[in-house]
Amino acid sequence: MGGIILDIVLLFFLVVCALAAVRMRDLLSATVVLGAYSLIMAVIWTVLNAVDVAFTEASVGAGITSVLLLATLSRTRRGEAGFEDAPRRRVVTGFRPGNLVLLLVAVFTFATLVYGSTDLPDFGDPEAPIHTHVAPRYIESAYKETGVINLVTAVLASYRGYDTLGEATVIFTAGLAVIVLLRRTRE
Amino acid sequence: MKEHVVSKTVARLLIPFIQLYALYVLAHGENGPGGGFQAGVIFGAALILYVICFGIDEGRRRISEQAGDVIKSLGILIYAGIGIACLWAGGAYLEYAALPLGSPKLASHLGIFGIEIGVGIAVAGVMITIFFETARKDEDD
């Protein structure tokens, strides 16, 4: 029971943070709220027993991403368009027929997702397809074959070594792209 | 940022511990949560904290552009190089067990540790590069 209350509280604050980040016109505040969003997400991953993902979410989402967004803001502007002209002004738009269509699309998508989620296996169900395919082989032989206790590391670094090399290359390419776009070399 | 004594003092105290923690995360990734990616991010965050508190010029004096470029390329080279070393040893690409380091299990263990180090170095290098290049103000801005 306590677990359900914790889940509801965390998901509630997650939605609050997401809505606040979208609504805010001050991008500095939006960045800080996004950091809080990532921190709550990290706690949710921990509740779901995905500690490696939680660790990454906390260090990358709440830590580095916020700092890099702040650095980007220092080069651009602090607010969205119109923020500096009237920081206190609330944009109130009247009813438009287009909004009703958007609402219908959103409600229909939500209803479809809820309908689809009823067919999903329960959380942690040992008979779920994802737990009966390659997972048993990893659990049985990962330590024997790789000599690594943490299954996540064994899968990432050994069984999926190509993928991880590709991911590292993607990050490296991002660094190169930033250099190409922003670095000024002295003539 | 000459006048910010508190942030400078706190940063000077914290940075060694953050870096040590990053190394712990790197070394501990095989036994618990963590690994090269998270370690690289934490190490990069420690360097970014230094640059924020002491200024970009002081940070550039510690880590030059060339050093940053070499560091992050080195990380990828370590990863890909271990893969090629596995080829030389007669295995498939990134088949660590083929490396001639005692038993196949130990070789696999050390190979995984090696690529985690490579990922960590590359990620830390890329993070500080992105921060340096985006936070710097151009003269003509």
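1. B:R61 is exposed at 59% relative accessibility (buried means under 20% relative accessible area, exposed over 50%, partly exposed in between; 1.4 Å probe, protein chains only). B:R61 forms a salt bridge with B:E58, with 3.2 Å between the closest N and O atoms; the term stands for a side-chain nitrogen of Lys or Arg within 4 Å of a carboxyl oxygen of Asp or Glu. B:E58 counts as partly exposed, at 22% relative accessibility. Both residues belong to helix α3 (residues 56-62) of chain B and lie three residues apart, about one turn of the helix. Helices here are DSSP runs (H or I, at least four residues), as strands are (E, at least two), numbered from the N terminus.

2. B:E58 also forms a salt bridge with B:R62, the closest N and O atoms being 3.6 Å apart. B:E58 and B:R62 are four residues apart in helix α3 of chain B, so about one helical turn separates them. B:R62 is exposed, with a relative accessible area of 56%.

3. On provenance: this is a predicted model, in which local features need pLDDT of at least 70 and side-chain atom pairs count only at pLDDT 80 or more, while totals for chains, interfaces and linings use all residues. Residues are numbered from 1 along each chain as its sequence is written, chains are lettered from A and ligands numbered from 1 in the order in which they are written, and side-chain values use heavy atoms, with hydrogens and water left out.

4. Chain B has five helices and zero strands. Its radius of gyration is 18 Å, whereas a compact globule of 141 residues would have one near 14 Å (taken over C-alpha atoms; the globule rule is 2.2 Å times the number of residues to the power 0.38). The C-alpha atoms of chain B fill a box of roughly 60 × 35 × 20 Å along the principal axes. Of the 141 residues in chain B, 46% are buried.

5. Three salt bridges cross the interface of chain A and chain B. One side-chain pair that meets in a salt bridge is A:R183 with B:D69 (2.8 Å, N to O). A:R183 counts as buried at 15% relative accessibility, and B:D69 is partly exposed at 24%. A:R183, B:R60, B:E65, B:D69, B:K72 and B:E133 are linked in a network of salt bridges.

6. A:T164 is found in helix α8 of chain A and is buried, with a relative accessible area of 13%. Not counting residues up to four places away in sequence, A:T164 touches A:L156, A:A157 and B:Y79.

Key:
Contact = heavy atoms within 4.5 Å.
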